[in-house]
Every structure is written in structure tokens, then in C-alpha cells.
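Visitor: I am new to this entry and would like to be walked through it slowly. Could you show it to me and then take my questions in turn?

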Amino acid sequence: MTALLPTLKTSRRSLVLGASAAVLAACGPQNRAEFVNVYSARHYDSDKRLYEAFEQSTGTVVRVLPANAEQLLERLRAEGDATEADLIVAADAGNLWRLQNAGLLQSATSSALEAGVPARLREPQGYWWGFSKRARVIAYRKGSVREQDVASMDDLVRPRFHRKLAVRSSANTYNLSMLASRIERLGADNARAWAAGVRANLARDPQGGDTDQIKAVAAGDAHAAIVNHYYLLRMMQSEDPAEREAANKVALKFPDQAGAGTHVNISGAGVAAHSKRREKALQLLEYLVSDEAQTLLAPLNSEFPIRTSIQPAAALAELGPFKEEDIPLEALGRRQTEAAAIFEQVGWR
Ligand code: FE
């Protein structure tokens with residue numbers, strides 16, 4: 001029974017919605033609407049299930065406004081302090097950092113949040129908190145590439161992959177965050193050399209999303225691609241037999257297990273800067289990272305639970321445990337601009 005807020009195109013109309021919600025909230029206690037508004041860039045059934053469970057245990061209705069990350073940012077900017085947003089949910093620390101940097105989130109913390117979310121998977125002042133984890137991995141063509149040839153992201157710049165790589169655009173936050181992590185760990189010169197090496201090995205100009213890169217590998221147009229892990233899992237579980245068949249031709253490698261570990265990112269949430277229901281937003285945020293929610297979410301989610309003590313979905317557990325890169329994710333935000341400049345310099349469009 002999770003309510004869906006109407007998707008409104010203009011800020012003027014959203015202010016109208018804001019006014020009516022404020023009127024609701026101002027009614028007497030006997031008929032005060034107990035609700036919390038979530039602006040979300042994650043559109044998964046798994047999240048709906050979480051919101052429903054929260055509604056059942058608290059009686060607070062979760063109203064969701066879906067949008068992509070860019071729309072969320074624009075809408076929140078346009079709404080300013082008139083916004084009805086309470087909790088903002090987005091994928092990738094880079095996107096969360098952009099929301100924070102635009103002044104659209106507020107610092108919010110509690111002992112439950114601090115106990116629930118590992119320190120490197122959250123913003124130090126509590127502007128955003130991870131509740132789900134994803135890895136950026138190498139998808140490679142079975143039969144064309146040996147697993148040991150993709151042991152590290154550094155392997156992708158070797159001559160054997162000349163004109164054999166597929167990647168999406170550098171404008172994508174996943175790639176910006178990945179390069180930002182390399183700048184943080186190894187410095188800008190290393191990151192530039194690596195990005196130039198990947199650029200030189202591309203089979204085609206960057207195009208499409210991560211699924212398109214996997215399809216290019218399956219078709220033999222490329223031998224390896226950089227993708228988020230869940231895209232291959234989705235294809236493996238697709239209702240479309242052609243997608244399942246393509247996925248079968250591709251294997252997934254968590255790179256850099258002998259080195260720094262695989263680059264990991266989060267889906268996360270933060271309390272809106274101008275939330276009118278801060279306590280409710282915090283309560284929902286605490287719920288998202290709770291054992292109950294994490295255990296409920298895990299089997300429904302193609303991402304990893306935020307804590308290793310919670311077992312991931314069976315398809316993920318099959319991939320086995322892997323070593324994660326150990327850098328604070330707020331660094332990915334700080335380094336976004338630098339990463340974009342390096343991509344530009346090396347011509348990775
Ligand atoms: Fe994605």
C-alpha cells in the first residue's frame with residue numbers, strides 16, 4: 001500500500017503539492033496524516049517491500065516520488081525550502097555527494113545509524129548513509145579471455161585488449177566514482193595513465209549503459225567490459241531467453257583481489273535539507289539499515305547487504321566473498337571534478 005506521489009514535471013506544480021501536504025500535516029493530532037515522503041532514484045520492487053514493512057510496523061505511510069538522479073537534483077533545487085521531500089534515496093556515492101554539495105541534504109545521525117553502517121560507507125557528518133552495496137567489476141567473454149587475464153583493472157590497459165574493450169560514457173557517475181577512487185588511492189598521474197590506456201583499447205566509442213557493454217561482450221564485439229555486478233545478474237535472471245543466452249557467454253570477475261580490492265559503491269539515503277518530518281525521515285533511514293530490513297532486502301536485491309554479517313541473495317552468495325577496496329566513499333565525491341577532467345584529457349567521452 002505504499003503510496004506513489006505523482007510525478008510532476010514543473011516546480012510550480014510541485015509547490016502546489018507541497019502546499020497541500022503542509023495543510024495535511026497542520027491538521028489536529030486526531031487526523032494528522034502520519035507519512036514520510038521519499039524522493040527516490042532507486043525503482044526496485046525490493047524497496048517497495050521495505051517501505052511496506054516500515055508502514056506495517058510504524059503506521060507511517062511512505063510516499064514515494066520516483067525520478068532519476070538528475071531529476072531529483074533539479075527538482076529539489078527548484079523546490080528549495082518549500083520541498084516536501086523528507087528522505088532522498090540515490091545510487092552511487094557520487095550522486096549522493098552531488099546532492100550534499102548542492103545543499104540539498106542535512107547532517108543527521110544516531111547511534112543506530114552509526115552502529116549499522118560501516119564508517120567508510122557513509123558520509124562522516126551523516127549527510128548520507130549507505131544501505132546497499134555494489135561492485136564495479138570486469139565482465140569478460142568466456143572462451144576468449146582467461147580469468148587470470150582480468151585479475152586486475154590494470155590488466156585492461158595491456159596490449160592483449162587492444163580494440164577489445166567496451167565501456168559506457170565517462171559522463172556516467174559509476175565511471176566517475178571508479179576513477180575518483182583510483183585518484184584517491186594512487187594519484188592523478190596513475191589515474192590518467194590508466195584511463196588513457198583503457199581509452200586506447202576501446203573496441204568502439206563509449207555508448208549505452210552497462211547492459212549494452214555486456215551484450216557487446218556476448219556478441220564478440222568486445223572481449224571485456226567494466227560494469228556494475230548486478231547488470232549481469234539481471235540478464236541471467238531475465239525473462240527474455242536472448243538475454244539469458246547472452247549472459248551465459250559472459251563471466252564476471254571481481255578484480256584486484258591480490259591488490260587493493262574491487263571498487264565498491266553504495267545505494268544510500270540522506271535526510272532532505274528542508275525536511276518537514278525530520279524525525280520520520282531519520283526513523284525510516286534507521287529502518288533501512290536495521291537487521292530486519294537488511295535481512296528482508298537481501299534475497300530481493302541484486303546488491304549486497306551493507307554489513308557482511310547479513311547473507312546476500314543466493315545468486316550473489318554463489319559468487320563468493322570478495323575483497324573490497326578500502327577507501328572512504330566521501331572521497332569519490334571530492335574527486336568527481338578531477339575525474340571528469342582526466343576523462344576529458346584522455347578523450348574517454
Ligand atoms: Fe545501475
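**The chain as a whole**

Visitor: Which radius of gyration does the chain have, beside that of a compact globule with 349 residues?
Guide: This is a predicted model, and every value here is computed from it. With 349 residues, a compact globule would have a radius of gyration near 20 Å, and the value of the chain agrees with that. The C-alpha atoms fill a box of roughly 70 × 40 × 35 Å along the principal axes, and the radius of gyration of the chain is 21 Å.

Visitor: How many helices and strands does the chain have?
Guide: Among contacts between residues at least 6 apart in sequence, 77% join residues at least 24 apart. As for the elements themselves, the chain has 15 helices and 10 strands.

Visitor: What share of the residues in the chain is buried?
Guide: The accessible surface of the chain comes to about 14,800 Å², and carbon and sulfur atoms account for 50% of that surface. A residue counts as buried when its relative accessible area is under 20%. Of the 349 residues in the chain, the buried share is 55%.

Visitor: Which protein donors does the iron ion have?
Guide: The donors follow the spacing Y-x55-Y-Y along the chain. Tyr 174 lies in helix α6 (residues 173-186) and Tyr 231 in helix α9 (residues 229-236), so this pair ties together parts that are 57 residues apart in sequence. Both Tyr 174 and Tyr 231 are buried. Lying 2.0 to 2.1 Å from the iron ion, the protein donors are the OH atoms of Tyr 174, Tyr 230 and Tyr 231.

**Two residues with positive phi**

Visitor: Is Asp 92 buried or exposed?
Guide: Asp 92 lies in the loop between β4 (87-91) and α4 (93-101), and its phi is near 80°, a positive value in a residue other than glycine. Because its relative accessibility is 1%, Asp 92 counts as buried.

Visitor: Where does Asp 256 lie?
Guide: Asp 256 is not a glycine, yet it has a positive phi of about 65°. With a relative accessible area of 14%, Asp 256 is buried. Its place in the chain is the loop between β9 (250-253) and β10 (264-272).

Technical notes: Residues numbered from 1 in each chain as written. Predicted model: local features only at pLDDT ≥ 70, side-chain atom pairs only at ≥ 80, totals over all residues. Heavy atoms only, no water. Helix = DSSP H or I, 4+ residues; strand = E, 2+ residues; numbered from the N terminus. Rg over C-alpha atoms; globule rule 2.2 N^0.38 Å. Buried < 20%, exposed > 50% of the residue type's maximum accessible area, 1.4 Å probe, protein only. Contact = heavy atoms within 4.5 Å. Areas by Shrake-Rupley, 256 points an atom, 1.4 Å probe, with all protein chains shown as cover. Donors = N, O, S within 2.8 Å, 3.2 Å for Na, K, Ca; no water.
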